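Here are a few notes to read alongside the structure. Have it open in your viewer as you go.

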Amino acid sequence: MKVLLTGWFSFEDGEATAGDVLALHRVRAALDRTATPYDVAWSPGYRADGLHLPEAAEGAYSHLVFLCGPLHGPQVEELHRRFGRCVRIAVGASVIEASSPAVTGFHTVLARDSPGLAPARDLAAGAPACPATPVVGVILTHGQGEYGGRRRHAEVADALTRWLAAKDCARLEMTSRLDAHDWRLCATPGQFESALARLDLVVTDRLHGLVLALRAGTPALAVDPVEGGAKVTAQARACGWPAALGAERLDPAELDRWWSWCLTSGRALAERRRRAFLNAPAHEPADGTEALVRALSGAGPGHPAPDSRRAPQRW
């Protein structure tokens, strides 16, 4: 006996969802316990190097199992025609119309929900636990035209996103733009900081991506997208934050090194920076506000502005 495991994740124009793949993990674990041999048919759009339905020979399988998702539509019906000699079982699926050929073509239907029947728990709920992975906020900018020919924003974004795509992590695309009317965006800085504080790491080419991550106590891997360095590099220096690279230094090995540092010893330094930022005495600011107050009170006709060439604050 050999089983072919299929689902909506198997169809050429289908898609793999986290729930579908966890349901598959649950079924695979059950078959592994009984040493039942099986193959998995993958959509080429999700697993280009996996077994695809057109390559699965009907004669190689005694059973076909369709798991999760709705039993509906011509793609499911085609499975019955293509694998007509197999015993066909549906498990953990939703039955919308019991008389549909997509449903009646199965020899056995173990539905998670069906009209007139008590619902069963979804397969994904009982899937084996997945290894924990870092949750990474990604904050990139594509603007800043004021830097003219020194802009390397497109190259930086391309290099970072290709590198991130190969990392085992949960990636969350984020923006620091606030909007009181768009539910997809934070409306206040506090909301944005709350999101940052729950991350393991921020990858960014924005000055405020760096500063706000550290303010939340979250390590940041910052890349300056301006050739030769500009405000991101300067801000990393002002904050005493070492995980900052130039646009010319986007070597994957170097990115990996700082990734590992941020997720280990960098967390303690980020927390120290958070405390330093939030506990800075109001009368000894390192950001120029004290100089601003002096300038406002002293500068004017006949009053020279204070010298702004003071040494930067060291953290």
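Predicted model: local features only at pLDDT ≥ 70, side-chain atom pairs only at ≥ 80, totals over all residues.

1. Start with helix α5 (residues 189–197) and helix α6 (residues 207–215). Their axes come within 9 Å and cross at roughly 75°. An angle of 65 to 115 degrees counts as roughly perpendicular, so that is how α5 and α6 sit relative to each other.

2. Who makes that contact? On the α5 side you'll find Phe192, Glu193 and Leu196, and they meet Leu212, Ala213 and Arg215 of α6. Sorted by class, the α5 contact with α6 has four nonpolar and two charged residues, with no polar ones.

3. Now follow α6 to its other partner here, helix α7 (residues 231–239): the axes are 8 Å apart, and the packing angle is about 25°. Angles under 35 degrees count as roughly parallel, so α6 and α7 get that label.

4. For this pair, α6 brings Leu207, Leu210, Val211 and Leu214, while α7 brings Lys231, Val232, Gln235, Ala236 and Cys239. The class tally for α6 with α7 is seven nonpolar, one polar and one charged.

5. Last, have a look at the second largest pocket, with a volume of about 320 Å³. Its lining consists of Ala16, Thr17, Ala18, Val21, Leu22, His25, Tyr46, Arg47, Cys130 and Pro131. By class, that lining has seven nonpolar residues, two polar and one charged.

How values were computed
Residues numbered from 1 in each chain as written. Heavy atoms only, no water. Axes fitted to C-alpha atoms, helices over the stretch in contact; angles between N-to-C directions. Helix = DSSP H or I, 4+ residues; strand = E, 2+ residues; numbered from the N terminus. Parallel < 35°, antiparallel > 145°, perpendicular 65-115°, else oblique. Contact = heavy atoms within 4.5 Å. Nonpolar A, V, L, I, M, F, W, Y, C, P; charged D, E, K, R; others polar. 1 Å grid on protein atoms, 1.4 Å probe; cavity = no way out; pocket = protein on both sides within 12 Å on 5 of 7 lines; lining within 4 Å. Points joined across faces, edges and corners; volume = space filled by probe spheres on them.
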